[in-house]
Amino acid sequence: MTGRYIQKILVCCAVLLLACCVPAAAGIPGDTDGDTVVSEKELATAILDHLTAGRLSADELSLAAHNSLHLPYGQLVVAVAGDRYLIPATSYIDQKGVPADSLIYEGLVTKLRPKEGGPKEYLGWLAERWESSDDAMTWTFYLVRNAAWHDGTPFTSADVRFTYEYFRDHGNPDAPGAGAYLVNSAIFKNVASVECPDDYTVVFHMKSCAPLFPETLATGPGIAVFPAHIWRDIDLPSTYIDTAHIGTGPFAYGSTIPGTLSKVTAYEGYHGEKPYVREVVTKNYEDEDAQILALRRGDVDFISGEFGLSPRKAEALKDAPGIGICRIPSGGQAFEVAFTSDVYPATIPEFRRALSHAVNRERVCWLVGEGARPTETVFLLPALAGDQVNPATNGLFSYDIAEAKRQLARAGFNLTEENGRPVLLGPDGKPVEITIPLAGKASTNAVDQKIVAVLKEDWEGKLGIRIVETPQVDDSVYLDWIAKTAVHFDGMPGRWHEDIDRLDNFQRSPLGENYYHFDNETFNGLITELKSTADPDKREEIGFELQEILAEEVPCIPVFSQDAFMAYRSDRFVGWDAALLGGGGNIRLFSEIRPASAEVGLRA
Amino acid sequence: MTAMSDALLEVRGLKVGFPTPEGLVRASDTVDLEIYPRETLGLIGETGSGKTVLGMAILRLLQPNTIIEGEIRYRGRDLLSLPEAEMQRVRGREIGIVLQNSGTSLNPVYTVGTQIAEAVILHQGLSGPDARQRAVELLDAVGIPDPVRMAGEYPHRFSGGMRERALIATALACRPNLLIADEPTKGLDAVTKRGIVDLFSEIDRDHSVLFITHDIETAGDLATRVAVMYAGEIVEIGGAEEVLGDPAHPYTRGLLASLPERGMQPIPGSAPSLITLPSGCRFSPRCGCAVENCSREHPGLVEVGSGHYARCMLYD
Amino acid sequence: MNGIYLLKRLITSFAAFCIAVTIMFALLRLMPGDYITMYLEAIYRYAPPDVVEAFNHVYGLDRPILEQYVIYLLDAFRGNWGYSFIYKVPVLTVIGERLVWTLILLLPATILATLAGIGIGAYSGWRRGSKTDIALLNSMIIIRAIPSYWLALMILIIFAYYLNLFPLGGYVDTGALTTGIDPLDVANHAVLPVLTLFLFSVTGTYYLMRSSMLMTAGEDYITTARAKGLDELMILRKHALKNAMLPMVTLITFECAGMITGSIFVETIFSWPGLGMLTYKALAVRDLPLLQGILLIDTLFVIAANIAADLIYPLVDPRVQVGDDA
């Protein structure tokens, strides 16, 4: 009897010892090789471990099994900054098309973030593939065949046509029901008609050559397809309160508590790769510091501030246990010194060119702090625009005060001295003085003041340009101010710098003046040409040419772009970096994230 | 001046001082006086002579940081050393007071009846309705017309004279042995004033009265004895007829001379500051009869007639 | 108090409302910045002129100003306050929803702060110069001097984060998505914001009550009461408190009216979807219909508070007789 007991104890000890020798599993329970997938063999081992040694708890085993069978598991809690990022109990389809990160609605196609220096990439959502006629007057989309709306109704080409017609009919200011103006109707402006040869093919006939139609559909983040069977009977989209939110995306609408919480649930019938998490809960934290506390305490699994966390806050989170940080290159705002080209002295191209050599980017970045990277390009950012950046224009706006002086002298400016301080006299013989309005979009974290501090050292101290800073100008009159002043600062989201198509910012269009009051005939013509050019090589050529004109004419001087930071619970979910770097606005963002801790299953 | 054991109230060597940033205000300096049962003592003096302070000091109603020395013996008990709870039993029940400024001495948010009844309930343990009834009787007794209705009215519906009467009713509510009336006729027109004076002479008299006034005539009408105060001191005290008929102190004489029917000759100068008192006799700077010694030596009270004392060098 | 007076009061209030509404209409249109441009900036960088035009047309902003005014006035009275630009729902719906949450915080906070402020203010004033008074006064000055944003954040960090006693924000737990809103859960979420709001507003009531009590304590009728033989507590309770409270009526009624404006700091830090946050957002993006709606509601509350103060005064102060001289 005693002997058998001793034997048992010895076996137990041996098992325990063995268990200790097995390296502590990182990431998902049961996933011993760390590939974030629990293979059949790994699952079987895990089951045995659980049964014999109790090394994995029942909950952990359940998580391993869900992972192995690809069954959605657990709850992911995402913090958002502001109630407008929640899924509201009301419809906002009329405003924005696909709500960013709604996870519910899909369009035909979306655009992904390019690899640095790489080509543009599109991702089919409801369209499997697409093609255009040679003259880019007809676009044909071949739809996925297994998609269904969240209420079970099959998705067909009729839904796509309905979406177009709905925007066409309700998207004009005279449509019945004031307020029914649909901003996104502009997306379909160029479409003449839509035709459905069969349930899974849609043909768009365009009014004019539209080489970039998929790009238009996918931009920012794109237009959603509406379920015809629901919206068919709704005449006044502006007053319709949608409570079901029927889409085709990987997650279906669950429930909302107004102003604070909303929930989506993995959609079993999703036509693409099913998500690994069962529920995504969105929780509103208006204050960024509260978000950070919530992440640290484990109330939420993912935070991104409103426009990404500030570098300093991300840095502070870096060493917190169980927390990971993802850095998205140029994912934040990009800042530029902008000229108003019809205000003296910015009217003189040499003056603008001279100043482009008088911006000490390194110093600005040092002042602004970590996460700011100096720009080498004339407008597009390599991290976002990929291979569309013209390498020949890189580094043209280098910091070179001597060159700046040469340019000024060439344009008839005269650098003199007065009381030991440099004074720049303009071609008219009068001292040059420029007014810089502060505030506006560049005033976040007082970036505008930091830039002006650095510029003053060079512009005033070395080039003799007197700088007058205006006190903080209110947002509402900022536009009036910049129209009257030669130089101002601007900060804009990275997506304005991601595509050559965005260079139409500088075009003086038939609609009127642009932001910079910049007017270059060749440039205007090239933009018009670009818009009707389908051939990729030709487009690249035009894009390069446009950037060369910008380098020559300098309507603005890019200074730096900021990286965006996001933070997540690496102890609970894995697969973050790949998903986050994959591209913003992708509704499949959370589809690739996998639970790694049984506790996320318990809270659901 | 001899201490008489049958006095209702005896004040001995009372000194009252208010500390202020400018210095100590000696509002009352070594005051001795006694009030006998059923008598009316008139306390006369100009504004700021310390007579109100004296009245308040008796009931210990002065602010907490006041410095008080001396003795105030009421029926043999020293009020100054009484615990606060005991003192509360003296106030209202043993000694009633009609404060100056009848206009603001009634609480605006309670009816007059309630305010009178309050004291009755507290001291005599009467029930609400009984106390109410008593309040109406009291109002009637002090000559308020339609007392039942008026008991239910708020103070702002009362005229000045009626407020004064209501305050007297409040003070008399628990039949105190001593009534201190502080300038009850101040600020009233002649007719109303007459009414109040008549009221004092009419109300049935089981109690003594300390009648504080700056009005010599009123004091003459009501008081059996009179004390005159100047700069915190009693300068003359004695029977009303003696003091007012044959004043010994130059100040009293001056007061009498300033009456309208006696030629209205005001005393030259003004009362001294109670912080920096003149040396010697406090009245000497204004005194017509002052001699050299007056400003050097401080005179004591000297008996000038039977029970008639004056604080003056003339009688030394 | 009589019917005619009430009628008169209602008529003057109505006139006041009309004037306020007109001023509001003028001010909102005088405010610098173009609504449509600012609103569309969130979507476009430089809004295309045709879109701007279309928006102006849809919202009637291209009509003559007088016509806009008449339509606005009629709609204001009809309760047709339009649709919010940002939320895309009727203005009254948004405001109503937020008002509930604002009141859940502010009602208890204001009631507690008023009671506590009056209580300790009265005591402090009655015992002027005592150690308790000095201690109370100094702590109130310190609380008052702390920047509200910082105070709210500190309360959040200490009580929610470090001590882990309360949730970090919002008004319900994630569980509410499945089980529905549990009042107890809401109460648990409300503790810290209510505490913060309480600290913000208790000091004001305290100051006013203390100085009011200081004045009252020196009144002659307090001496009269003392002369009657009442003990100190009774004098404080019966005679001093009621009189010292009189100036508080205005403060309290207006604090109640001010409640609906909410508190931006507290609502931001505690992620509480109240009216303060809503106002701020509406202002930031120039959500004209929503702003108008909020201001109209504010006006109504202030007018109501005025009437309430008028009606309450005669109840507490017999000297004030409504209707007699009106």
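I began at E183(B), which is buried, with a relative accessible area of 3%. I placed E183(B) in the loop between β7 (178-182) and α7 (190-202) of chain B. I then looked up its backbone: phi of E183(B) is near 45 degrees, a positive value in a residue other than glycine. I note here that this is a predicted model.

I stayed in chain B for R60(B). Phi of R60(B) is near 55 degrees, again positive in a residue other than glycine. I found R60(B) in the loop between α1 (51-58) and β4 (67-74) of chain B.

Next came a peptide bond in chain A. The bond from Y344(A) to P345(A) is cis, with omega near 0 degrees. P345(A) has its place in the loop between β13 (333-339) and α10 of chain A.

How do the axes of α10(A) and α13(A) cross? Helix α10 (residues 349-356) and helix α13 (residues 401-410) of chain A have axes that come within 8 Å and cross at roughly 170 degrees. Angles over 145 degrees count as roughly antiparallel, so I put α10(A) and α13(A) down as roughly antiparallel to each other. I listed the contact residues: E350(A), F351(A), R353(A) and A354(A) of α10(A), with A404(A), Q407(A) and L408(A) of α13(A). I sorted the residues of this contact into four nonpolar, one polar and two charged.

I turned to the rings. The structure holds 36 aromatic pairs over all chains. I looked up Y161(C) and Y162(C): their ring centres are 5.0 Å apart and their planes lie at 75 degrees, so the pair is edge-to-face. Are these two tyrosines buried or exposed? Y161(C) counts as buried at 19% relative accessibility, because the limit for buried is under 20%. Y162(C), at 62%, counts as exposed.

Ring pairs link W130(A), W139(A), F141(A), Y164(A), F188(A), F204(A) and F213(A).

I then checked Y110(B) for charges over its ring. K238(C) lies over the face of Y110(B), at 5.5 Å from the ring centre. K242(C) also lies over the face of Y110(B), at 5.1 Å from the ring centre.

My last entry covers the chains. Which chains share the most contacts? Of the two pairs of chains in contact, chains A and C do. I found no contact joining chain A and chain B. Their closest C-alpha atoms lie 48 Å apart.

Conventions
Residues are numbered from 1 along each chain as its sequence is written. Chains are lettered from A and ligands numbered from 1 in the order in which they are written. This is a predicted model: local features need pLDDT of at least 70, side-chain atom pairs count only at pLDDT 80 or more; totals for chains, interfaces and linings use all residues. Side-chain values use heavy atoms; hydrogens and water are left out. Axes are lines fitted to C-alpha atoms, for helices over the stretch in contact, and angles run from 0 to 180 degrees between N-to-C directions. Helices (H or I, at least four residues) and strands (E, at least two) are DSSP runs, numbered from the N terminus. Angles under 35 degrees count as roughly parallel, over 145 as roughly antiparallel, 65 to 115 as roughly perpendicular and the rest as oblique. Contact means heavy atoms within 4.5 Å. Ala, Val, Leu, Ile, Met, Phe, Trp, Tyr, Cys and Pro count as nonpolar, Asp, Glu, Lys and Arg as charged, and the others, Gly among them, as polar. Rings of Phe, Tyr and Trp (its six-membered ring) pair if their centres lie within 6.5 Å; planes under 30 degrees apart count as stacked, over 60 as edge-to-face and the rest as tilted. Buried means under 20% relative accessible area, exposed over 50%, partly exposed in between (1.4 Å probe, protein chains only). A charge sits over a ring if NZ of Lys or CZ of Arg is within 6 Å of the ring centre and within 35 degrees of the ring normal.
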